[in-house]
Amino acid sequence: MPSDLVLYLVRLLVDEPGAVRIEEQEDEDGSLRLRLYVAEGDRGKVIGRGGRMAQALRTLARAAGARQERRVLLEIAE
């Protein structure tokens, strides 16, 4: 499941792994929208310099979804 992969990776990155959670939402077109919540102090670690870490997480989520023939979108909540 794409959300399990993202959750596992993000918990390894942050200082407060207990604060990490993901909400899943099914869109009308059948795609899966993942909304990632982290502690405020960890948001920079998840986004990364220039957004590189966030882009890498989105790529991995899309690849995991492609295995299930689903479109997956990852959002990092404010």
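I worked on a predicted model, in which local features need pLDDT of at least 70 and side-chain atom pairs count only at pLDDT 80 or more, while totals for chains, interfaces and linings use all residues. Residues are numbered from 1 along each chain as its sequence is written, and side-chain values use heavy atoms, with hydrogens and water left out.

**Helix α3.** I looked up the buried residues of α3 and found Ala54, Leu57, Ala61, Ala64 and Gly65, buried being under 20% relative accessible area, exposed over 50% and partly exposed in between, with a 1.4 Å probe and protein chains only. Seen down the axis of α3, they fall within an arc of 100 degrees, so they line one face of the helix; the arc is taken over the directions from the helix axis to the C-beta atoms. The face turned away from the buried side carries the exposed residues Arg52, Ala66 and Arg67.

**Salt bridges.** I searched the whole structure and found seven salt bridges, each a side-chain nitrogen of Lys or Arg within 4 Å of a carboxyl oxygen of Asp or Glu. Arg35 pairs with Glu75, with the closest N and O atoms 2.7 Å apart. Arg35 lies in strand β2 and Glu75 in strand β3, so this pair ties together parts that are 40 residues apart in sequence; helices (H or I, at least four residues) and strands (E, at least two) are DSSP runs numbered from the N terminus. I also noted that Asp27, Arg33, Arg35 and Glu75 are linked in a network of salt bridges.

**Core.** Of the 17 residues in the largest nonpolar core, Val10, Val20, Leu36 and Val46 touch the most other members; such a core is a set of buried Ala, Val, Leu, Ile, Met, Phe, Trp, Tyr and Cys residues joined through side-chain atoms within 4.5 Å.
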